[in-house]
Amino acid sequence: MLIREKAESDAAACLELLLEVHRKDHYPLHITAGQVPEFLESGHEAAAWVAEEDGRIVGHVALHTPPADPTLELAAARTGLPLDGLALLARLFVAPSTRRTGLGRTLLRHATAQAPALGRRAVLDVGQTLASAVALYEAEGWSRVGELHLPLDEETMLDLWVYVSPPAGAQ
């Protein structure tokens with residue numbers, strides 16, 4: 001398994017993989033398949049990596065630095081860390097065929113370890129109903145610092161836990 005920086009030429013394969021994940025797991029939550037391309041290309045990506053196996057992309061993770069973000073704002077408020085010292089760990093997904101192999105954990109660790117090179121510490125949010133993802137983050141030493149409830153529309157609320165990565169070198 002090769003973890004490497006994502007290239008522009010990886011865009012179509014990453015989208016195809018995320019659409020596969022969305023069909024199987026409904027991640028990202030509360031969006032349609034037609035909204036997946038926009039979700040993947042948020043425009044706030046500071047760095048991203050893909051996992052490649054036999055020439056096929058089987059995983060993805062990114063660090064985002066949006067100008068304003070409720071997850072980053074909550075993490076900064078709860079930890080005292082400066083907002084510009086945080087990066088949102090985002091778009092972590094792996095091919096259904098590679099589940100339970102440790103690939104998600106590997107990508108999580110890789111992005112977390114790379115955040116200090118950007119002068120940042122990783123923060124993430126996760127749907128409160130995604131028990132296996134929550135278990136992974138907690139097993140990796142991430143600290144839950146709060147929760148967000150973001151209305152997506154008049155009928156849908158996105159309920160999230162917010163986590164901050166362990167300090168650099170703590171893993």
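**Exercise 1.** In which loop does Asp-54 lie, and what is its phi?

Solution. The model is predicted. Asp-54 lies in the loop that links β2 (45-53) to β3 (56-64). Its phi is positive, about 50 degrees, although Asp-54 is not a glycine. For exposure, the cut-off is a relative accessible area over 50%. Asp-54 has 82%, so the residue is exposed.

**Exercise 2.** Describe the loop between α1 and α2 through His-26 and Pro-28.

Solution. Start with His-26, which is found in this loop. His-26 has a positive phi of about 65 degrees and is not a glycine. With a relative accessible area of 52%, His-26 is exposed. Next take Pro-28, placed in the loop between α1 (11-25) and α2 (36-40). The peptide bond joining Tyr-27 and Pro-28 is cis, with omega about 0 degrees.

**Exercise 3.** Give the order of elements in the protein and judge how compact the protein is for its length.

Solution. The protein has five helices and seven strands. Read from the N terminus, the order is β-α-α-β-β-α-β-α-β-α-β-β. The radius of gyration is 15 Å, close to the 16 Å from the globule rule for 171 residues, so the protein is as compact as a globular protein of that length. Along the principal axes, the C-alpha atoms fill a box of roughly 45 × 40 × 30 Å.

**Exercise 4.** What percentage of the residues of the protein count as buried, and what share of the exposed area do carbon and sulfur atoms supply?

Solution. Of the 171 residues, 43% count as buried. The protein exposes about 8900 Å², and carbon and sulfur atoms supply 50% of that area.

Methods
Residues are numbered from 1 along each chain as its sequence is written. This is a predicted model: local features need pLDDT of at least 70, side-chain atom pairs count only at pLDDT 80 or more; totals for chains, interfaces and linings use all residues. Side-chain values use heavy atoms; hydrogens and water are left out. Helices (H or I, at least four residues) and strands (E, at least two) are DSSP runs, numbered from the N terminus. The radius of gyration is taken over C-alpha atoms; the globule rule is 2.2 Å times the number of residues to the power 0.38. Buried means under 20% relative accessible area, exposed over 50%, partly exposed in between (1.4 Å probe, protein chains only). Accessible areas come from the Shrake-Rupley method with a 1.4 Å probe; for residues, only the protein chains shown count as cover.
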